[in-house]
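Subject: Structure handover and notes

Dear colleague,

Here is the structure I promised to pass on, with my notes below it. Please open it alongside this message and read the two together.

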Amino acid sequence: MSKSQIATGGIADDAVTIAKATGFGKIGQIVANHITTQTASSSSTFADAGGSETTIVTTASSSKVLLHISLSTRKSGNQYLALDLYRKIGDGSYSKIVDFENGHLYTNSTLIQTGRMAVSYLDEPSTAGTIKYKFQFNAGLNGASVVINPDGQETSSIILQEILA
């Protein structure tokens, strides 16, 4: 079967289908932070996860940032790991933008559990410039022990993608 190529320069815009359309959410840049720091908690108070701060410099105020967080985790005791995501724009202060408190590794027993937690979030910061993200975690209410990168050999990560308008 022979193939033909048709020039689209002479075709009216209203006659063009999705095959010619462009500009749908192009990726402007990708920033990856591979976290090897071991961080533990047995408190219900949220605390920073060591090494989680990750910076991206967006190029347009219409850009969105797609975050992918993947954590190597362990918990012991009758509780779960809870996770909050924070954002800092420019020289401002950090503010919580999403609560991922979803009962990761929850069991109704004192068994030790190890697993990987992965979450994604699409942020719309409405600014061009420096944006920092970090996450905090806790061990729930019963004093369980939760650890990120529990054996000191695992790697957790935060990947930021600037999505252009």
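Does Asp-84 count as buried or exposed? At 2% relative accessibility Asp-84 counts as buried, where buried means under 20% relative accessible area, exposed means over 50%, and partly exposed lies in between, with a 1.4 Å probe and protein chains only.

Residues are numbered from 1 along each chain as its sequence is written, and side-chain values use heavy atoms, with hydrogens and water left out.

Confidence and overall make-up

The mean pLDDT of the chain is 85, and 81% of its residues reach 70 or more; pLDDT is the predictor's confidence in each residue, on a scale from 0 to 100. Among the elements of the chain, strand β4 (residues 54–58) has the highest confidence, at 98, and β10 the lowest, at a mean of 88. Where pLDDT is low, the predicted coordinates should not be read in detail.

The chain has 11 strands and zero helices, both being DSSP runs numbered from the N terminus, with at least four residues (H or I) for a helix and at least two (E) for a strand. Of the 165 residues of the chain, 39% count as buried. Among contacts with a separation of 6 or more, 80% come from residues 24 or more positions apart, a contact being heavy atoms within 4.5 Å. The chain exposes about 9,100 Å², of which carbon and sulfur atoms supply 50%, as computed by the Shrake-Rupley method with a 1.4 Å probe, where for residues only the protein chains shown count as cover.

The nonpolar core

The largest nonpolar core has 24 residues, and those with the most contacts inside it are Leu-83, Phe-135 and Leu-160. Such a core is a set of buried Ala, Val, Leu, Ile, Met, Phe, Trp, Tyr and Cys residues joined through side-chain atoms within 4.5 Å. At least two residues of this core come from each of β1 (27–35), β5 (64–76), β6 (82–89), β8 (113–123), β9 (129–138), β10 (145–148) and β11 (156–163).

Strand pairing

Two strands are taken to pair if DSSP finds at least two bridges between them. Strand β11 pairs in the antiparallel sense with β1 over eight bridges, and Ile-35 stands opposite Ser-156 in β11. Seven bridges also join β5 to β11, again antiparallel, with Glu-162 in β11 as the bridge partner of Val-65. Seven of the eight residues of β11 are buried, so this strand is largely enclosed by the rest of the structure.

In β10, Ser-145 is the bridge partner of Ser-76, and Ile-148 is that of Thr-39.

In the loop between β2 and β3 lies Ser-42, which counts as partly exposed at 48% relative accessibility. The C-alpha atoms of Ser-42 and Gly-140 are separated by 8.1 Å, although these residues are 98 apart along the chain.

Salt bridges

The structure holds four salt bridges, each defined as a side-chain nitrogen of Lys or Arg within 4 Å of a carboxyl oxygen of Asp or Glu; I describe some of them here. Asp-84 forms one with Lys-96, with the closest N and O atoms 3.6 Å apart. This pair links distant parts of the chain, since Asp-84 is in strand β6 and Lys-96 in strand β7 (residues 95–99), 12 residues apart.

Arg-87 forms a salt bridge with Asp-123, the closest N and O atoms being 2.6 Å apart. Arg-87 lies in strand β6 and Asp-123 in strand β8, so the pair ties together parts that are 36 residues apart in sequence. Arg-87 is buried, at a relative accessible area of 16%, and Asp-123 is buried too, at 3%.

Lys-134 forms a salt bridge with Asp-48, and their closest N and O atoms are 3.1 Å apart. Because Lys-134 lies in strand β9 and Asp-48 in strand β3 (residues 47–48), this bridge ties together parts that are 86 residues apart in sequence. Lys-134 is buried, with a relative accessible area of 13%, whereas Asp-48 counts as partly exposed at 38%.

With best wishes
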